[in-house]
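Me: I would like to go through the labels attached to this model and ask what each one rests on. Please set the values against the cut-offs.

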Amino acid sequence: MQLIACPWCGEREETEFRYGGQAHVAYPDDPYALDDEQWAQYVFFRDNPKGPFAERWVHSAGCRRWFNALRDTVTHEFLRVYVISAQHPLTTSTAPAAQQRKGQEAI
Amino acid sequence: MTVETPTRYSPLSAWQDALARLPTGVQVRELPFLTQLNLRLQPGSAAAQAVEAALGLTLPGPLRAGMSGDVKLLWMGPDEWLLVAPEGRQHDLVAQLRSAIGDEFATVTDVSAQRTTLALSGHLVREVLAQGCAIDLDPRVTPVGSCLTTVLAQAPITLVVRGDAASSVWLLVRSSFASYLATWLVDACTEYRGGTG
């Protein structure tokens, strides 16, 4: 069974963990300013990269804390785990990436 | 019409005989009705210092438990501890801790009914637990005083290592999972019956 390294508890079996989807999806600053399509983008649309992907995980059978992990979606290898308050390890700021994504979808 | 007085019974009261018949290498005893308090506070905060001063104990670090005194502290998470004390201490301890904490940011919750405690001892304990628990109980990995919240046979447990090489452990298990875990333990010990155990 694959082992996942919880930042608090160390390596544990993957069945102790639950998956929480893409990490670093910021709540809109002003939700009321969004139209329906923008809100749908925020609620339903997620990245689906082939390769490293920043995800949320929770050690539900252990310390019950959420943390972020950078996982390779091809090999399932956990490249890094980091606490929830830390920044995305591949980009210094998530804001430009989100802006870029929004721009691409408009075209 | 008669009103029945609620009687308290431990989740494993029906299992005493079955547990007593286990091989000598796996002595299992339930420690029912222990006082258990859930503490939520930031380590190093004023509240943490107040709690440590009130108890005369240090809050143990990650994956550790302080088991020396009457009042024991088990690490459950980065801002969460389980205080375990002898039966009937909950009201005193809650009042003592809440007054020590005062207006600082922390919570003390009586969760005594949430779990029951199993004390396992004997030279076969490590072998029996290995049948359902992935934690490495080698003393180099989990020395005496280790406190791990994990799963045993898919049942959520908190395991405290009390004797060298897991010759003595505490299992804290949710009341609703207790009879399942007892069933599993009795089954896991079957192969040691009548042997060297």
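Reply: What follows takes the labels in turn, for a model that is predicted.

Me: Why is Phe44(A) called exposed?

Reply: The relative accessible area of Phe44(A) is 64%. Exposed means over 50%, so Phe44(A) is exposed. The residue lies in helix α1 of chain A, which covers residues 36-44.

Me: What makes Phe44(A) part of a nonpolar patch?

Reply: Patch members need over 30% relative accessible area and no salt bridge, and nonpolar side chains are joined within 5 Å. Phe44(A), at 64%, passes the area cut-off because 64% is over 30%. The patch on the surface consists of Tyr27(A), Trp39(A), Val43(A), Phe44(A) and Phe45(A), with about 560 Å² of accessible area together.

Me: Why is Leu63(B) called partly exposed?

Reply: Its relative accessible area is 22%. Buried is under 20% and exposed is over 50%, so Leu63(B), at 22%, falls in between and is partly exposed. Leu63(B) sits in the loop between α2 (46-55) and β3 (65-66) of chain B. Its phi is near 65°, a positive value in a residue other than glycine.

Me: Gln154(B) also has a positive phi, near 70°. Why does Gln154(B) count as exposed?

Reply: Gln154(B) has 69% relative accessibility. The cut-off for exposed is over 50%, so Gln154(B) counts as exposed. Its place is in the loop between β8 and β9 of chain B.

Me: What makes the pair Glu80(B) and Arg64(A) a salt bridge?

Reply: The closest N and O atoms of Glu80(B) and Arg64(A) are 2.7 Å apart. The rule asks for a side-chain nitrogen of Lys or Arg within 4 Å of a carboxyl oxygen of Asp or Glu, so the pair at 2.7 Å qualifies as a salt bridge. Across the interface of chain B and chain A, the rule finds 3 salt bridges.

Me: How many residues does the contact take from each chain, and what area is buried?

Reply: Chain B gives 15 residues and chain A gives 10 residues. About 990 Å² is buried between the two chains, and carbon and sulfur atoms give 53% of that area. Of the area that chain B buries against chain A, Leu63(B), Pro78(B) and Thr149(B) supply 38%, more than any other three residues.

Me: What makes a set of residues a nonpolar core, and which residues have the most contacts inside the largest nonpolar core?

Reply: The members must be buried residues of the listed nonpolar types, joined through side-chain atoms within 4.5 Å. The largest nonpolar core has 35 residues, and those with the most contacts inside it are Leu118(B), Leu120(B), Leu129(B), Leu159(B) and Leu171(B). Elements of chain B that give two or more residues to this core include β7 (115-121), β10 (168-174) and α5 (175-188). The most comes from α5(B), with 7 residues. A second, separate core of 28 residues includes Phe17(A), Phe78(A), Val51(B) and Leu55(B).

Me: What is the secondary structure of chain A, and what share of its residues is buried?

Reply: Chain A has 2 helices and 6 strands, in the order β-β-β-α-β-β-β-α along the sequence. Buried residues make up 30% of its 107 residues. The accessible surface of chain A comes to about 7100 Å², with 52% belonging to carbon and sulfur atoms.

Notes. Residues numbered from 1 in each chain as written. Chains lettered and ligands numbered in written order. Predicted model: local features only at pLDDT ≥ 70, side-chain atom pairs only at ≥ 80, totals over all residues. Heavy atoms only, no water. Patch = residues over 30% accessible without salt bridge, like charges linked within 9 Å, V, L, I, M, F, W, Y side chains within 5 Å. Areas by Shrake-Rupley, 256 points an atom, 1.4 Å probe, with all protein chains shown as cover. Helix = DSSP H or I, 4+ residues; strand = E, 2+ residues; numbered from the N terminus. Buried < 20%, exposed > 50% of the residue type's maximum accessible area, 1.4 Å probe, protein only. Contact = heavy atoms within 4.5 Å. Buried area = accessible area lost by both parts, 1.4 Å probe.
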